[in-house]
Amino acid sequence: MRSRALLGLSLCCVLAACTDGNDRVAPPPPPPEPELTYSAEIRRTEFGIPHIRAEDWGSLGYGFGYAYAQDNYCVAMREIVFAAGRSAELMGEDMGNIESDFLFRFLNGDKDAFADEFVSALPQFARDLAAGYSRGMNRYLEETGLDNLPEGEYGCRNADWVYPIDSVDLFLFLRREALRGSSEQGLFRRAILATTGPDEGAAPAPDALDEAVRALEAAAAELRDIDRGSNGLALGRDATRSGKGMLLGNPHQPWFGSGAWYQAHLTLPGVYDVAGAALHGFPFIGIGFNQDVAWTHTVSLANRFSLYELKLNPDNPLQYDYDGEWRDIDPQTVTIQVRQPDGSLQDREQVFYVSHYGPVVNLKGVTPLLDGWPMFNGSVLAFRDANILTGIRGIEQWINKGQASSIAEYVEALQSIGNPVFHELAADRAGQAFYGELSAVPFVTQTQLDRCINGVVGPLLAAATTNVILSLDGSDPACEWGTDPEAPAGSNLYGGSSLPQLLTTDYVGNSNNSYWLSDANNPLQGFPVIMGPVGHEGQQQFLRTRIGHIMVEERKQATDGLDLEPLFDLASLKGLMYANRVYGAEVVLDDVLAVCATEAATPVLQACNVLASWDRRVNADSRGAQIFTEFWKVITDQLGNSFQNVVQSDEFWARDFDPEDPLHTPAGIDLAVAANSTRVLSALTTASERLAAAGVPLGAPWGEVQVLERNGVRVPIHGGSGTMGVYGAISANLVESGYVNPRSGNSYIQAVTWDDSECPIADVILVPSQSTNPTSPHFSDQTELYANKQWVRFPYCEADIAARQIGETLLLQE
């Protein structure tokens, strides 16, 4: 018993010791913090520019998607709905676009198939970046709530079409944007949808060729989207005072909606550190700069597609001749849903007819001559698109460009041909400059063009559209797009070394003409017309192209009045950008005023007097620019080549175009031709009448006439129509009270150079401002700076970012 008592006492002591304050058993450790999927730091500097920093690609995209959504969520969301082919389903017929929905369901298949076939082939970093970006946009939606989303013209508060997106949605959107110059271009989207299969209707007689030519000329102009233009200058060390490279980027993109710009700075330490601007909804910087390289783009009007004429089997119109054998045309039915006024969904079907080249198209919307299955000549036309895969590859190419530390590395990044429609211009710290048409161009040689454009339809299309729309013989295997081993596998595009390009220490520039005069002193020649039908080798150039090169040459000689010392520094480069010269007036106004001095000009004397004192610029205080703007529209409507964007006439010019002097010809008005004086007076009369009807005084300051309305304030917009030779192009139509609310033009402008520090020097401006939300402080702040010809110094290095930060740092995690 005593032993048991001692044992009990011992146990009690042990238990007591276990609860002693100094010897207690430690409590179980807390559960580990959940591992973060995304973590990004967002800081904003003046004018709302976000600087996103993260340690992995997914988190970088996450921070960027969230920051972008804070400013413009509804813009990208709307475009994603269209890219997914769901606009009519979610918006109804009035807001949606049934044609576009059918087209992209046809091109992409269902979402899962698109992900398996295209997205899965991308490098992991690209998929991570897109996944993070879409998650960042979704987080903004979750935190903000549908009923608190922005209102206004580009808002989406309580919209039925808003939904959480994923990375596949984002890649569908990127693909659609890459196809805007081909399948998604309105002319060909309508032609693809207009195809209804074989019919019994009588083919139109081919005696309407003259009418068909005029219709084709007008239709081709639609392919030259004036909302998407640009200027770019890359200066090498021989053109700058510092010996460093310099770059001017001046894209003339839309100001709002698809194709507009958004400023940002993205940093993945040691991997990617790029500042500049991204297109709305794009998870990477499009035009920008890093520590050592700066780049920009101008829209190239090289061919991005070709038609093929298919000679049909008279006994079976769903077959066509290919190398002496009949091939089948495959009908494919696509179904979409369309929201009805009562909210119900209705199925709609469209049958696409597909050859091995691509879908059959019907150009009856252009001219009845090209209607019918078959057309008058027993054929139909098929459409092949060079950019079907480019938009998917683009994300990889743009990231690689941003990682380049020299022009050599930049050019290497271009070899993947992920660029759908752009001329490339770049400069680096070491003083090298580069131009290249390294974009998606079908591998069709000049020999093929000479052989394969035959019959009636092919030559008709080529002649009427100045080779912009090409139709090849679909029965001849020798007319197939070729294979370049340097190009992406299966793309049938030209590889990098076969495309026009120039590396220099002088300068290169482009303003949407072809590659030919990218360096006016060192023309690029010997390339097939398919690489640049607009302003092709030896052809008349845009007035905007001419003034760009002329201003560079004048600056190099210090004859432009900007600075007494020759060559470029940052101030003179910005001065060139804001010079606002109207080159068309420099070319013809003296002769216009000579006509004004005649007795016949009495009815337009007021317009003549205003023009006589006009400074021939489109500055805010210029008086008379509106008269010349409307005058030149009349002249170009009468004598212009609508796609080549030039005035072509055997009798109008005093000095005709000379390919040996392409920057200074044509010039002057031939007043020895009486019809030209009559034409000038008639154009002045029409210009005066148009302005009077709009309530615009002939001598009103340009800054009161051309304005952007922001929350009831009319902000002056300097610059003017690129067609009349204004380098700083603005696209605006004359409406009541003036050129109100331009739709595009000078958009994101950057002037970039370097000194001996590690930090690039970049002065920028985003003309429409950073946010489309009317309640944002960044809805019009940069617009007002632009009105006063001011710039924003873009902070790149850490000390500059910290010094210019506004608000608190946001650490975004989940």
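Reader: At roughly what angle do the axes of helix 2 and helix 3 cross?

Author: This is a predicted model, in which local features need pLDDT of at least 70 and side-chain atom pairs count only at pLDDT 80 or more, while totals for chains, interfaces and linings use all residues. Residues are numbered from 1 along each chain as its sequence is written, and side-chain values use heavy atoms, with hydrogens and water left out. An axis is a line fitted to C-alpha atoms, for helices over the stretch in contact, and angles between N-to-C directions run from 0 to 180 degrees. Helices (H or I, at least four residues) and strands (E, at least two) are DSSP runs, numbered from the N terminus. Here the axes of helix 2 (residues 57-83) and helix 3 (residues 87-95) cross at roughly 100° and come within 10 Å. An angle under 35 degrees counts as roughly parallel, over 145 as roughly antiparallel, 65 to 115 as roughly perpendicular and the rest as oblique; helix 2 and helix 3 are therefore roughly perpendicular to each other.

Reader: Which residues of helix 2 and helix 3 make the contact?

Author: Contact means heavy atoms within 4.5 Å. Helix 2 contributes Arg78, Val81 and Phe82, and helix 3 contributes Ser87, Leu90, Met91 and Met95. Sorted by class, the contact has five nonpolar, one polar and one charged residues, where Ala, Val, Leu, Ile, Met, Phe, Trp, Tyr, Cys and Pro count as nonpolar, Asp, Glu, Lys and Arg as charged, and the others, Gly among them, as polar.

Reader: What is the order of the six strands in the open sheet?

Author: Two strands pair if DSSP finds at least two bridges between them. In this sheet the order is 20-3-4-30-31-32, and the pairing is antiparallel. Strand 20 (507-510) and strand 32 (792-793) each have a single partner strand and stand at the edges, so one side of each is left without a neighbour in the sheet. Helix 14 (residues 543-557) packs on the sheet, where it touches strand 3 (229-235), strand 4 (246-252) and strand 20, and its direction makes about 155° with that of strand 20. Helix 15 (residues 570-577) also packs on the sheet, touching strand 3, strand 4, strand 30, strand 31 and strand 32, with a direction at about 20° to that of strand 4.

Reader: How many bridges join strand 3 to strand 4?

Author: Seven bridges join these antiparallel strands, and Leu235 stands opposite Met246 in strand 4. Strand 3 is also joined to strand 20 by four bridges, again in the antiparallel sense, with Ala234 opposite Val508. Elsewhere in the sheet, strand 30 (residues 748-753) and strand 31 (residues 761-766) pair antiparallel over six bridges, and the bridge partner of Tyr748 is Leu766 in strand 31.

Reader: How many residues of strand 3 are buried?

Author: Buried means under 20% relative accessible area, exposed means over 50%, and partly exposed lies in between (1.4 Å probe, protein chains only). In strand 3, seven of the seven residues are buried, so the strand is largely enclosed by the rest of the structure. Gly229, Asn231, Leu233 and Leu235 point one way from the strand, whereas Ser230, Gly232 and Ala234 point the other way.

Reader: Is helix 4 mostly covered or mostly uncovered?

Author: Helix 4 (residues 98-108) is mostly covered, with nine of its eleven residues buried, among them Ile98, Asp101 and Leu107. At the start of helix 4, a side-chain oxygen of Asn97 comes within 3.1 Å of the backbone nitrogen of Glu99, and just after the helix Gly109 takes a positive phi of about 70°. Phe106, which lies in helix 4, is buried with a relative accessible area of 14%. Not counting residues up to four places away in sequence, Phe106 touches Gln332, Val334, Phe352, Val354 and Pro359.

Reader: Which side chain does that of Asn492 join in a polar contact?

Author: A polar contact is a pair of N or O atoms within 3.5 Å; within protein, one must be able to donate a hydrogen and the other to accept it, and residues adjacent in sequence count only if both atoms are side-chain atoms. The side chain of Asn492 makes such a contact, of 2.8 Å, with that of Arg384. Asn492 lies in the loop between strand 18 (471-473) and strand 19 (501-504) and, at 18% relative accessibility, counts as buried.

Reader: Which backbone oxygen does the side chain of Gln626 reach?

Author: The side chain of Gln626 reaches the backbone oxygen of Leu698 at 3.2 Å. Gln626 lies in helix 18 (residues 625-639) and is buried, with a relative accessible area of 0%. Its contacts, not counting residues up to four places away in sequence, include Leu691, Trp702 and Tyr739.
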